[in-house]
2 protein chains.
Amino acid sequence: MKLVFEKSKLLQAINIASKGVPSKTTLEIQECFLIDATTDIIKIIGNDLDLGVETIVEGSINERGAIAIDAKSFSDIIRKLPDEEIEIENSEENKVLIKSGKAKFNLSIKNEEEFSRLPDIDKTEKIVISQYTLRETIKQVSFSIADNDANKIMMGILFEVNGNKLRMAALDGHRIAIRNVELSSNYENKKIIIPGRTLNEISKVITGGIEDEVNIYITSKHILFEFDQNKIVTRLIDGEYFDIDRMLSKDYDIRVNINRLEFLSAIERANLLSHDSEKNPLTLLINDNTMEIKVVSAIGSLNESVDIKKDGNDIFIGFNPKYFTDVLRILDSDEVTLYMTNQKAPCYIKDKEETYVYLLLPLILG
Amino acid sequence: MKLVFEKSKLLQAINIASKGVPSKTTLEIQECFLIDATTDIIKIIGNDLDLGVETIVEGSINERGAIAIDAKSFSDIIRKLPDEEIEIENSEENKVLIKSGKAKFNLSIKNEEEFSRLPDIDKTEKIVISQYTLRETIKQVSFSIADNDANKIMMGILFEVNGNKLRMAALDGHRIAIRNVELSSNYENKKIIIPGRTLNEISKVITGGIEDEVNIYITSKHILFEFDQNKIVTRLIDGEYFDIDRMLSKDYDIRVNINRLEFLSAIERANLLSHDSEKNPLTLLINDNTMEIKVVSAIGSLNESVDIKKDGNDIFIGFNPKYFTDVLRILDSDEVTLYMTNQKAPCYIKDKEETYVYLLLPLILG
């Protein structure tokens, strides 16, 4: 094998393929990149078996071939090379020579035949979505997955297609995040669960705009995202997702409109009084025109009032402040609307069209 | 006590005074800032007893007084307040109220009488130096102090005044760094040892230019730096510094001129092959017009050649690469000159006027 690359192109491909490389595994060969130039194109593949990434990189093939090379060392070295042409070629047995300017690296390689490539995915049915929409939707629900694996399904994100509607949702037992997106065509119904952390990694690579598309293919075990020069495959989580429709209610007694950033800043200040270990409850005393925000901790207390518009009764209610900051940070409207019923019933944050619905359970105040 | 501040002014003072606050101590009161407004000026003091910082902050004194308040909580809170006026006043017993916009923090305070202020320093003799020069000089020698405290004196930096000459030096048993600076006046001879880490912290606060001055006062136990609105005091290290003049030699057999950045980049690339734990030797094979740089590790090997100008014999010599990168990173000349004698004798990096002299011991190659 003998390849020549521009540094910037190679580095970009490495950054994408890295998402598929495990940081630590028992299967050493998967800590490698597979650089595959056995055909007329050059592919770089990283695959930790839960998440596999394959990207095509521009470059000249002077001699065809494939190598498996430790991903971390290779990335570190390419990153530090001067901005010149990079030549990569098999030198001796089990060695590769990387040349750039006057620098010559001689690195060990592994047997590329042992490397597990991406699984083959059936491509008869395709779902198309804008890269921007997919990325934003992932961001808007993924923070609500559970952060420990007591329940596998809570670590996943629901991906549900119904005609031209896509619903993504995540929940952790204390809160639910739901986004409803309209697709440009009608598709067969699908309901799968994608591992949340993996989907988060994927969203970092899908950097295109509203006009750029992702093709999605779903099998019983995997989901494949194809976009630009990239293929990303992830395993699905087995099982049936929660019946979230049954958990939601349209009824409410109290509706509050509040400036999103004022509300967020006040809670962020309140959080200064709590150390990570002890989450002191955020209490909200909601009167006709103001919301009194209060947190008390060992360090001291914060009181702050924010102007609001309210329909319904006054209410005094407590929450884990993190649940509010998570939601308020990722929304981008100037104002948000809260819907509540009583001190022990969930609070909803949603827009009129229900493109987003967040359910937050209150804390029972002593 | 009742004070009013602009946020930016208060924050700047906090950032400076924080340098004196210990991250963890057995003396809880010293984890506080002392905010002292008992006279017509407002001072903020942080003091971990090895390093004490006192800074004057602009603000209105509506009522005189002093408080001791946990430095970390106070800093975190002030940083997050809106860009509005900040009011600080004693509220109840042992409490202080911090008001800004609609936010009201109520925080616990400690007994300010227990707080240890900066020691009194005799100011009869003064040394004056430019802030820029002092900061740069510290940066140029401090990386050579020993990183473990097997020898207290090796953790210090020599600060030696001889007439109008200041010499600062640091060494760790494998290398020596020396900077010679000309002062604008003549002073009485002084020879003290300043704790290296402390001096490094101090250099981060001395942000002024070449025209801005620092006044330095030295006693048998302390050194005081006075500049702008700030006072910084640090304890000295007891003992006699090494006789560095006896360690240096002016003789050499081989002189090499090399482009600093080309040399540095090559070594930085070589370092990619070594993990932090195992420092593989950097070997230099110096011929008439080129230096062949080589590192071999478990990951692979790097060969790179850099153009040089050389007087004297060819030489093959090995070093800890870190010692070279430390020096080459902080110099700013295009070219540097190396002086060597043989494989087992020190290598010197110095300029003609000896404003800087770096001595690096070679590694004995097996």
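A residue counts as buried when its relative accessible area is under 20%, as exposed when that area is over 50%, and as partly exposed in between. Keep those cut-offs in mind on this tour. The model on your screen is predicted.

**Stop 1: chain A as a whole**

Chain A has seven helices and 23 strands. Its C-alpha trace spans about 80 × 50 × 35 Å along the principal axes. Of the 366 residues in chain A, 55% are buried. Now think about contacts in chain A between residues at least 6 apart in sequence. Of these, 67% join residues at least 24 apart.

**Stop 2: a salt bridge in chain A**

Select A:Asp326 and A:Arg175 and show their side chains. The two form a salt bridge, with the closest N and O atoms 2.7 Å apart. Where in chain A do A:Asp326 and A:Arg175 lie? A:Asp326 is in helix α7 (residues 321-330), and A:Arg175 is in strand β12 (residues 175-195). They are 151 residues apart, so the pair links distant parts of the chain.

Are the two residues buried or exposed? A:Asp326 has a relative accessible area of 11%, so it counts as buried, because that is under 20%. A:Arg175 is buried too, at 6%.

Together with A:Arg175 and A:Asp326, they are linked in a network of salt bridges.

**Stop 3: helix α2 of chain A**

Select α2(A), residues 71-80. Which residues of α2(A) are buried? They are A:Ala71, A:Ser73, A:Phe74, A:Ser75, A:Ile77 and A:Ile78. Now colour what covers them. The cover includes α1 (7-17), β2 (32-37) and β6 (65-70) of chain A. It also includes β7 (86-90), β8 (95-100) and β9 of chain A.

**Stop 4: where the chains meet**

Show both chains and look between them. The contact takes 26 residues from chain A and 26 residues from chain B. The buried area between the chains is about 2,300 Å². Carbon and sulfur atoms give 56% of that area.

How many salt bridges are counted between chain A and chain B? The count is four. Select A:Lys80 and B:Glu268 to see one of them: their side chains meet at 3.8 Å, N to O.

Which elements of chain A each supply at least two residues to the side that touches chain B? They are α2 (71-80), β9 (103-108), α6 (260-271) and β19 (300-311). β19(A) gives the most, with seven residues. The residues on this side of chain A divide into eleven nonpolar, seven polar and eight charged.

Next, select β9(A) and β19 of chain B (residues 300-311). These two strands run antiparallel, and five bridges join them. Zoom in on A:Asn106, which stands opposite B:Ser301 in β19(B).

**Stop 5**

Side chains of opposite charge can pair when their charged atoms come close. Over all chains, the whole structure holds 61 salt bridges.

Select B:Asp40 and B:Arg64. Their side chains meet in a salt bridge at 2.4 Å, N to O. B:Asp40 lies in the loop between β2 (32-37) and β3 (42-47) of chain B. B:Arg64 lies in the loop between β5 (60-63) and β6 (65-70) of chain B. The pair therefore ties together parts that are 24 residues apart in sequence. B:Asp40 is exposed, with a relative accessible area of 64%. B:Arg64 is partly exposed, at 48%.

Now select B:Arg79 and B:Asp76. They form a salt bridge at 3.8 Å, N to O. Both lie in helix α2 (residues 71-80) of chain B. They are three residues apart, about one turn of the helix. B:Arg79 is partly exposed at 40%, and B:Asp76 is partly exposed at 23%.

**Stop 6: a serine in a loop**

Finish at B:Ser297. It lies in the loop between β18 (290-296) and β19 of chain B. Its relative accessibility is 13%, so B:Ser297 counts as buried. What does its side chain reach? It reaches the backbone nitrogen of B:Ile299, at 3.0 Å. Now set aside neighbours within four places in sequence. B:Ser297 is then in contact with B:Leu273 and B:Asn280.

Definitions and conventions. Residues numbered from 1 in each chain as written. Chains lettered and ligands numbered in written order. Predicted model: local features only at pLDDT ≥ 70, side-chain atom pairs only at ≥ 80, totals over all residues. Heavy atoms only, no water. Contact = heavy atoms within 4.5 Å. Buried area = accessible area lost by both parts, 1.4 Å probe. Helix = DSSP H or I, 4+ residues; strand = E, 2+ residues; numbered from the N terminus. Nonpolar A, V, L, I, M, F, W, Y, C, P; charged D, E, K, R; others polar. Pairing = 2+ DSSP bridges. Buried < 20%, exposed > 50% of the residue type's maximum accessible area, 1.4 Å probe, protein only. Polar contact = N/O pair within 3.5 Å; in protein donor to acceptor, adjacent residues only side chain to side chain.
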